[in-house]
Amino acid sequence: MAQQQAFILNGVETAVASEADTPLLYVLSDELALQGPRFGCGLAQCGSCSVLLDGVEVRACVTPLSAVLGRDVRTLEGLPSLYAETAGLDEVPEYTPLQTAIIEEQAIQCGYCYNGMIIKATELLNNNPSPTEAEVRAALNGHLCRCGTYPGLIRAVLKAAGSGGELA
Ligand code: FES
Ligand code: FES
């Protein structure tokens with residue numbers, strides 16, 4: 001066991017005992033039992049393991065624990081609280097508007113890509129609240145969906161952004 005070290009996980013200072021070179025994904029799933037970030041390729045290729053690190057999407061499968069110490073890590077589980085903070089809400093909703101739009105659009109099939117897609121889309125909307133369809137497509141480009149749900153996901157992101165979700 002390594003010496004305890006800490007980072008901010010979904011708004012809470014969190015101490016872990018994993019070795020400093022342990023991939024963050026293993027720390028989150030094995031030591032902290034989170035089920036949002038998922039192992040897909042392990043090679044930074046698919047995006048299923050993504051988290052927000054200081055607001056920027058990173059691939060947790062290739063990010064060592066040492067790179068996140070003292071920093072802000074948000075996982076899928078922490079997106080509603082992040083939304084509440086950003087929107088100035090007194091209560092944390094069950095789902096973010098983006099998650100609600102994904103449900104309404106029935107945009108997910110097996111769900112394996114869901115974590116990475118929503119992490120990346122959240123990063124996009126936090127930086128660009130009114131993206132164009134082209135900007136949504138470009139943002140999600142590095143995330144693989146083996147079920148081919150891209151049209152529904154893009155519609156959901158546009159809907160969450162308030163544009164109604166009509167594809168060109
Ligand atoms: S598991 Fe990390 S990018 Fe595929
Ligand atoms: S919904 Fe199955 S991989 Fe995307």
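**Strand pairing**

Helices (H or I, at least four residues) and strands (E, at least two) are DSSP runs, numbered from the N terminus. I took two strands as paired if DSSP finds at least two bridges between them. Across this pair, leucine 53 stands opposite valine 73 in β5.

The model is predicted: local features need pLDDT of at least 70, side-chain atom pairs count only at pLDDT 80 or more, and totals for chains, interfaces and linings use all residues. Residues are numbered from 1 along each chain as its sequence is written, chains are lettered from A and ligands numbered from 1 in the order in which they are written, and side-chain values use heavy atoms, with hydrogens and water left out.

I then turned to β3 and β4, which are antiparallel and joined by four bridges. Serine 50 stands opposite arginine 59 in β4. The two strands form a hairpin with two residues between them, and aspartate 54 in the turn has a positive phi of about 50 degrees.

**The sheet**

I traced an open sheet of five strands in the order β2-β1-β5-β3-β4, with mixed pairing. β2 and β4 (56-59) stand at the edges with a single partner strand each, so one side of each has no neighbour in the sheet. Neighbouring strands are turned by 40 degrees against each other on average, direction ignored.

**Helices on the sheet**

I found α1 packed on the sheet, touching β1, β2, β3 and β5, with its direction at about 85 degrees to that of β1. Contact here means heavy atoms within 4.5 Å; axes are lines fitted to C-alpha atoms, for helices over the stretch in contact, and angles run from 0 to 180 degrees between N-to-C directions. In α1 (residues 24-31), Leu24, Leu25, Val27 and Leu28 are buried, that is, under 20% relative accessible area, with exposed being over 50% and partly exposed in between (1.4 Å probe, protein chains only). Just after α1, alanine 33 takes a positive phi of about 60 degrees.

I noted that α4 lies across β3, β4 and β5 and runs at about 30 degrees to β3. Lysine 120 is found in this helix, α4. I checked its accessibility: lysine 120 is buried, at a relative accessible area of 16%. Not counting residues up to four places away in sequence, lysine 120 touches Glu57, Ala139, Leu140 and His143.

**Nonpolar cores**

I defined a nonpolar core as a set of buried Ala, Val, Leu, Ile, Met, Phe, Trp, Tyr and Cys residues joined through side-chain atoms within 4.5 Å. The largest has 26 residues, of which Leu79, Leu98, Ile102, Ile118, Val136, Leu140 and Val157 touch the most other members. α2 (79-87), α3 (97-104), α4 (114-127), α5 (133-140) and α6 (150-160) each give two or more residues to this core, and α4 gives the most, with seven. Isoleucine 118 touches Leu76, Leu79, Leu98, Gln99 and Ile102, not counting residues up to four places away in sequence. Apart from this core lies another, of 17 residues, among them Leu24, Val58, Val68 and Val73.

**Domains**

I recorded domain 1 (5-76) and domain 2 (78-160), with bounds from an automatic or database domain assignment. Their C-alpha centres lie 19 Å apart. The contact takes 21 residues from domain 1 and 20 residues from domain 2. The two domains bury about 1500 Å² between them, 50% of it on carbon and sulfur atoms; buried area is the accessible area (1.4 Å probe) that two parts lose on being put together, summed over both.
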